[in-house]
Amino acid sequence: MAPTSLVVTIEKNLMEINGSDSLLLPEKQKAASPKQLTWVLLLKAHRALFFFSWFAITVKTLFASVKKRIAHADVNEEGSKSRGKLYRFIKAFLAISIAGLIVELVAHFKKWNLRMIHPLELEVHGLLQWFYVSWLSFRVDYIAPLVLMLSKFCIVLFMIQSLDRLVLCVGCFWIKFKKIKPIIQDDAYDLEDASTFPMVLVQIPMCNEREVYAQSIAAACELDWPRNRILIQVLDDSDDGNLQRLIKEEVLSWNEKGVNIVYRHRLIRTGYKAGNLKSAMACDYVKDYEFVAILDADFQPNPDFLKLTVPHFKGNPQLGLVQARWAFVNRDENLLTRLQNINLCFHFEVEQQVNGAFLNFFGFNGTAGVWRTEALEESGGWLERTTVEDMDIAVRAHLKGWKFIFLNDVKVLCELPESYEAYKKQQHRWHSGPMQLFRLCLPSIITSKISIWKKTNLIFLFFLLRKLILPFYSFTLFCVILPLTMFIPEAELPLWVICYIPVFMSLLNILPSPKSFPFLIPYLLFENTMSVTKFNAMVSGLFQLGSSYEWIVTKKTGRSSESDFLAFAERESKTTNEEKILRRHSESGLQLLSKLNQQEKQMGSKKKRNKVYRKELALAFLLLTASARSLLSAHGVHFYFLLFQGLSFLVVGFDLIGLPAWFLPCLQKQKLRAMTMAPRVRPLMWRWLAKANTTL
């Protein structure tokens, strides 16, 4: 007979043999001492005390911030913008939902069945219950079918848009797998002979860019290109006389260093950025330049930017645009910038790269790109008819047969909006402008000579699906239908619509920025929160409402370089502006210094008002009311989704999402200390700061 098999497991001081008694090893058997047990309990108690104290301080700080923002809220300004049809609709919906919740609470405490299939199954006792049964009958027969029909329509749109995003991701994976990328010819230009380099015009449009004008001009002047083959135009639309003089002095200082740079200021500033660029292109000397590079005021390209973009035009006469990717210096500043970084990383690495590789067409991003001058002229130049002049010129160039290239490896530093107010205004312009353009370009697209496939891509994918359908179903499905179905359970949305598919699509969006994976759920909630702004902008642009023509320059903080630590130190210091003026080469003396001091005093005398966003707050209370109704019916995922979505609307409504982390002031002080430490200690300090930033 075969010997009996034994399995022996040795774990610390205990040896177990299957089929026999446990054997203790007496020489290693040692019980924990009471002193060790006491220390363990004390350690756990210390951790628990630290957690509860941290939680209490955080909650106290949060409520103090909310109280302060309510007390100092700029109600008049925001209220005037919120008195639209959408805001009135949300308030009416909220009032009805609160009334419905009260009715359902009464039914719940009276033991009426909230999950009944048909009202005839309920035995009526009393007048109040008769009214409730009548409401149930009316709801089942008339309201539920309409809500069910609308929800199915939105679900179909949701699935089509999800399929489109999935196809884009597959295309991106294919590009990575095949290593598809634009290639520059080896003999593009002779580095030894400057005359072989084409003439390049660099345009820097700006308007009241006080914080970033100097660094943008410096970055453009440091571009590695023969000086006799490049001209830099600083297109200043500022309405501040002191700021105009500052920019002139900056341009003059670089001109004295041998840089070919000119300053332009329009007396009649119409058409916003499009009018500024159109005026600059009307100069007589522009015809001598073969290519035009456009850089917004907060963009800082590397010195080799032109050498990585312009050579793509050689040997490719149909190429009209070379677009570079954006990189964000302040992506870790707060939660808002982190979530924006997720969106824009997906936009550039997936949408722009796939469309550029397979279709040779994408929307021009308005900056960090190089145009062929002939393509701009043949397409009709810059037009002032919409607030998205970059998309306008791209569509018209595509209709003329010009091709585009996107360079995912060439990155240009810029900054993200750090406040929700600035981000909301930017998104409103980005989502109302495409609808304006769609109305204007639709006849031209239909009558153009491009192929049917390109016309279909422009109309149904580029405009309708990604610019109209996306904000429509996102707001309607998750902010209107979902809370409505909590009061109409006959039309309840399935779990895969509100949970599985959105989480999967959010995961695909985060893949281009894998370090943002911990922000998966906040990103999903924030995208639904922004749907109200995008939906409102889409409707205003589609029907040409007044707000669709608003152009507000996105506020900058001047963080588009690694010198933002130094800028922070200057802002925190109590010294006057003499030191800052002396450090610069573009200011001209005490007269300018006195004007700047006077201007800063006037700006400081204005009391800063906090924003309270009424539409977001109304939706927050609506979703929280729906979550309370969901709790009565014991909905699991529906309740948690509505609860956290309502809380996210609440955070945005009180303008808390743009706040830095609670211990950021302490962290900034540590950054300043690190700047003054010895070189051998500084790398360790920076490593700690980077680790701390990743935990914010």
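**Close-up views of a predicted model**

**View 1. Arginine 385 and aspartate 392 pair up.** Arginine 385 and aspartate 392 form a salt bridge, with the closest N and O atoms 2.9 Å apart. A salt bridge here is a side-chain nitrogen of Lys or Arg within 4 Å of a carboxyl oxygen of Asp or Glu. Arginine 385 counts as partly exposed because its relative accessibility is 31%, while aspartate 392 is buried at 0%. The cut-offs are under 20% relative accessible area for buried, over 50% for exposed, and partly exposed in between (1.4 Å probe, protein chains only). Salt bridges that share partners also join Glu104, Arg139, Glu490 and Arg629 into one network. Some housekeeping: this is a predicted model, so local features need pLDDT of at least 70, side-chain atom pairs count only at pLDDT 80 or more, and totals for chains, interfaces and linings use all residues. Residues are numbered from 1 along each chain as its sequence is written, and side-chain values use heavy atoms, with hydrogens and water left out.

View 2. Arginine 139 is found in helix H4 (residues 127–178). Helices (H or I, at least four residues) and strands (E, at least two) are DSSP runs, numbered from the N terminus. With a relative accessible area of 2%, arginine 139 is buried. Leaving aside neighbours within four places in sequence, arginine 139 is in contact with Glu104, Ala144, Pro145, Phe487, Ile488, Pro489 and Glu490, where contact means heavy atoms within 4.5 Å. Phenylalanine 487 is 348 residues away along the chain, yet its C-alpha atom and that of arginine 139 are separated by 9.4 Å.

View 3. The structure holds 18 salt bridges. One of them joins the side chains of arginine 165 and glutamate 351 (3.7 Å, N to O). Arginine 165 sits in helix H4 and glutamate 351 in helix H9 (residues 335–358), so the pair ties together parts that are 186 residues apart in sequence. Arginine 165 and glutamate 351 are both buried. Glutamate 349 and lysine 176 form another salt bridge, the closest N and O atoms being 3.1 Å apart. Here glutamate 349 is on helix H9 and lysine 176 on helix H4, so parts 173 residues apart in sequence are tied together. Glutamate 349 is buried, with a relative accessible area of 12%, whereas lysine 176 is partly exposed at 42%.

View 4. A search of the whole structure finds 25 aromatic pairs. Rings of Phe, Tyr and Trp (its six-membered ring) pair if their centres lie within 6.5 Å; planes under 30 degrees apart count as stacked, over 60 as edge-to-face and the rest as tilted. Tryptophan 174 and phenylalanine 177 both lie in helix H4, three residues apart, about one turn of the helix. Tryptophan 174 is partly exposed, at 44% relative accessibility, and phenylalanine 177 is exposed, at 62%. Phenylalanine 438 and phenylalanine 463 make a tilted pair, 5.3 Å centre to centre with 45° between the planes. Phenylalanine 438 belongs to helix H12 (residues 420–447) and phenylalanine 463 to helix H13 (residues 452–487), so the pair links parts 25 residues apart in sequence. Phenylalanine 438 is buried at 11% relative accessible area, and phenylalanine 463 is buried at 0%. Ring pairs also link a cluster that includes Phe438, Phe462, Phe463, Trp326 and Trp371.

View 5. Met159, Leu495, Trp496, Tyr500 and Val637 make a nonpolar surface patch of about 430 Å². Patches are made of residues with over 30% relative accessible area and no salt bridge: like charges are joined within 9 Å, nonpolar side chains (Val, Leu, Ile, Met, Phe, Trp, Tyr) within 5 Å. Accessible areas come from the Shrake-Rupley method with a 1.4 Å probe; for residues, only the protein chains shown count as cover. Helix H14 (residues 495–510) gives the most to the patch, with three residues. Valine 637, in helix H20 (residues 637–653), counts as partly exposed at 33% relative accessibility.
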